[in-house]
Amino acid sequence: MPLHLRIARPVSNLEQSVTRYRNGLGLEEIGRFEDHEGFDGVMLGKPGLDYHLELTYCRIHPIVPTPTPEDLLVFYLPEIDEWRETCLRMLAAGFIEVASFNPYWQYHGRTFEDHDRYRIVLQQAAWG
């Protein structure tokens, strides 16, 4: 059985988050639900990937996201041009570049933070 990873994050503004993550990371909307027992959500990914990101918003009891500086999504982008273009897209999408809490991520990457203080590292390296 193939493994598929879903990372779910509650957000304070669903449509703003969807737009930023879609535009910044170049992801596509692969699913959406509305008012499923009080929750709205959007899944972002790309066909054929073994993971996707789910952004959720609770209509009944909105959750205030409380990520720490070490709650990271790390994307490995080995091609330098793709890495540079993705970094520029992140800034254009409204992410803010921040210094990494763990200095390791500064050596070959850049760290970006969204409006809920979730962080994404774009690592200019291959995994493994």
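## The largest cavity

The largest cavity is lined by Pro 10, Val 11, Phe 39, Thr 56, Tyr 57, Cys 58, Pro 62 and Ile 63. On a 1 Å grid over the protein atoms alone, a cavity is a set of points where a 1.4 Å probe fits but cannot get out, and a lining residue has an atom within 4 Å of a point. The space in the largest cavity is about 40 Å³, where a volume is the space filled by probe spheres set on the points, and grid points are joined across faces, edges and corners.

Strand S4 contributes three residues to the lining of the largest cavity, the most of any element. Helices (H or I, at least four residues) and strands (E, at least two) are DSSP runs, numbered from the N terminus. By class, this lining has seven nonpolar residues, one polar and no charged. Ala, Val, Leu, Ile, Met, Phe, Trp, Tyr, Cys and Pro count as nonpolar, Asp, Glu, Lys and Arg as charged, and the others, Gly among them, as polar.

## Basis of the model

The model is predicted: local features need pLDDT of at least 70, side-chain atom pairs count only at pLDDT 80 or more, and totals for chains, interfaces and linings use all residues. Residues are numbered from 1 along each chain as its sequence is written, and side-chain values use heavy atoms, with hydrogens and water left out.

## The second largest cavity

The structure holds two cavities of 30 Å³ or more. About 30 Å³ of space lies in the second largest cavity, and its lining consists of Pro 67, Thr 68, Pro 69, Glu 113, Arg 117 and Arg 119. Three of these lining residues are charged, two are nonpolar and one is polar.

## The largest pocket

The largest pocket holds about 240 Å³ of space. A pocket is an open set of points with protein on both sides within 12 Å along at least five of seven lines. Its lining has 13 residues, and Leu 25, Lys 46, Tyr 51, Leu 77 and Glu 82 lie nearest the centre. Eight of the lining residues are nonpolar, two polar and three charged.

Strand S5 (72-76) and helix H2 (80-92) each supply at least two residues of this lining; H2 gives the most, with three. Domain 1 (5-58) and domain 2 (72-123) each provide at least three lining residues, with bounds that come from an automatic or database domain assignment.

## The second largest pocket

The volume of the second largest pocket is about 150 Å³. Leu 5, Ile 7, Asp 50, Tyr 51, His 52, Leu 53, Leu 73, Val 74 and Phe 75 line the second largest pocket. Strand S1 (5-10), strand S4 (51-58) and S5 each give two or more residues to this lining.

Seven residues of the lining are nonpolar, one is polar and one is charged. Domain 1 (5-58) and domain 2 (72-123) each contribute at least three residues to the lining of the second largest pocket.

## Helices H1 and H2

The axes of helix H1 (residues 14-25) and H2 come within 7 Å and cross at roughly 155°. H1 is therefore roughly antiparallel to H2, a term for angles over 145 degrees. Axes are lines fitted to C-alpha atoms, for helices over the stretch in contact, and angles run from 0 to 180 degrees between N-to-C directions.

Methods:
Angles under 35 degrees count as roughly parallel, over 145 as roughly antiparallel, 65 to 115 as roughly perpendicular and the rest as oblique.
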